[in-house]
Amino acid sequence: MERTLPISEEHVIFRESLRKFIAAEIIERYADWEQEGIIPREIWKKFGENGYLCPWASEEYAGSGADYLYSVIITEELSRAGVGSLFVPLHNDIVAPYIDSYGTAEQKARWLPGCVSGDIILAVAMTEPEAGSDLAAIKTTAVKKNGRWVLNGQKTFISNGILSDLVVVAARTGGADAPANQAISLFVVEREARGFSRGEPIKKIGLKAQDTAELFFDDCEIPGENLLGQEGMGFIYLMQKLQPERLICAVGAQAAAERCLEMTVEYAKERKLFGKPLSKFQNTQFVLAELAAEIAVGRSFVDDLIRAHMDGKSVMNETCMAKFWVTEMAKRVADRCLQIFGGYGYCTEYPISRFYLDARIQTIYAGTSEVMKLIIARFMGL
Ligand SMILES: Cc1cc2nc3c(=O)[nH]c(=O)nc-3n(C[C@H](O)[C@H](O)[C@H](O)COP(=O)(O)OP(=O)(O)OC[C@H]3O[C@@H](n4cnc5c(N)ncnc54)[C@H](O)[C@@H]3O)c2cc1C
């Protein structure tokens, strides 16, 4: 089915060159990075040099002023290649937009060019050991002293936690009992800030090359001007950015599901048993046909939302639906495709095994499926 998005020749060329870049620079070395639990910084620099970081940033900040489809292409190609540990979409489409939307001209000039070049790698730290889905319960505090902010607290599960040079941190500036939509602020904590430290990368069942880590703020002092936006508005800012955050998750999950199906169709045609190709068994055909139908439904929905988002429409409810449905679908697809690979699907040599493991997190982070359903129910007036 042809995509309904306004895809130009430039977009097609961009996708092709990115695909080649990923094949040349990443695929071969990726298994080593999975062993090491981290991706080398030099790869981020290469992404930057090739224009793959924050392509939407304005030329004033060394970006290309590119449209949202370029972000979509980057996310899709990383997902299709099965190298989801490289959290470029988090950097490009989740964290940098906080600086772009809420930063002062001075903050943008200071940080955005580095985000585009790859000299600055970004992370966002909301989750705490006792505050995941219930974000309003965060306990990390920020207190103003002599014109500087002093942060105390702990964050966990922070993607790019080790590599990041700048972390957008949500901290409580109002009292413990003040409502979250008035009491939380966002801060930019720089790598060298005094009192800022990181734990070891957290060992995970998937996304093995992703440097997810705990972060610690122990009387961590940052300059007064590292407050992002207005004091007390942090929770509102986080809510305002949920639409793009959830949309980009759905975009990645959809592309991964499509790639799983392609790989499985190929395998099923090649694998012979009982004297004929696996693809000739009715069960294989029924499973793959079911998955193809689910994937087609996801594709229409995701592309409609990409279009609506590009047109500046508010599709908050629908992006929650897509985050929920498409990530659950991608998980189902990876599982059922792996089954068709038989024992080989369970071996790390076969990429389907990585798609299966990496799909598992997608219904958990950026708001769990249960949280998505809560929001959808709220939109239904329930
Ligand atoms: C690999 C990875 C990367 C991550 N990256 C980041 C990052 O970069 N930055 C960041 O800030 N966070 C990050 N997170 C954290 C992630 O967003 C949280 O794990 C997620 O929001 C869930 O929070 P939790 O783990 O505390 O689970 P909990 O909130 O404890 O949820 C436990 C279970 O309860 C369910 N639940 C929650 N509320 C309800 C309810 N009202 N009704 C019924 N069931 C409910 C949940 O759906 C879940 O099944 C990451 C997590 C992982 C694992």
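## Shell around the ligand

In this predicted model, strand S1 (122-125), strand S3 (148-158) and helix H12 (369-379) each contribute at least two residues to the shell around the ligand. The ligand is surrounded by 21 residues, and the closest are Met126, Gly132, Ser133, Thr368 and Glu370.

Because domain 2 (123-237) and domain 3 (241-379) both give residues to the shell, the ligand lies between them.

The domain assignment divides the chain into domain 1 (9-120), domain 2 (123-237) and domain 3 (241-379). The centres of domain 1 and domain 3, taken over C-alpha atoms, are separated by 23 Å.

Between these two domains, 14 residues of domain 1 are in contact with 16 residues of domain 3. On the side of domain 1 that touches domain 3, helix H3 (68-80) and helix H4 (88-102) each supply at least two residues. The largest share of that side comes from H3, with six residues. The residues of this side of domain 1 comprise six nonpolar, four polar and four charged.

## Helix H5

Helix H5 covers residues 105-117, 13 residues in total, and extends 18 Å from its first C-alpha to its last, close to the 18 Å expected at 1.5 Å a residue. The helix has a kink of about 30° at Trp111, shortly before the proline Pro113. Just after H5, Gly118 adopts a positive phi of about 95°.

Trp111, the site of the kink, is also among the buried residues of H5, together with Lys108, Leu112, Cys115 and Val116. The cover over these buried residues includes helix H2 (41-49), H4, S1 and strand S4 (166-172).

## Loop residues with positive phi

Asn146 lies in the loop between strand S2 (141-145) and S3. Its phi is positive, about 45°, although Asn146 is not a glycine. Asn146 counts as exposed because it has 7 C-beta neighbours inside 10 Å, and a residue is exposed if that number is 12 or fewer.

Phe274 is located in the loop between strand S9 (272-273) and strand S10 (276-277). Phe274, likewise not a glycine, has a positive phi of about 50°. With 7 other C-beta atoms within 10 Å, Phe274 is exposed.

Methods: Residues are numbered from 1 along each chain as its sequence is written. This is a predicted model: local features need pLDDT of at least 70, side-chain atom pairs count only at pLDDT 80 or more; totals for chains, interfaces and linings use all residues. A residue is near a molecule or strand if its C-beta atom, placed from the backbone, lies within 6 Å of it. Helices (H or I, at least four residues) and strands (E, at least two) are DSSP runs, numbered from the N terminus. Domain bounds come from an automatic or database domain assignment. The expected span of a helix is 1.5 Å times one less than its number of residues. The bend at a residue is the angle between axes fitted to the seven residues ending there and the seven starting there. A residue is buried if 20 or more other C-beta atoms lie within 10 Å of its own, exposed if 12 or fewer, and partly exposed in between; C-beta atoms are placed from the backbone. Two residues are in contact if their C-beta atoms, placed from the backbone, lie within 7 Å. Ala, Val, Leu, Ile, Met, Phe, Trp, Tyr, Cys and Pro count as nonpolar, Asp, Glu, Lys and Arg as charged, and the others, Gly among them, as polar.
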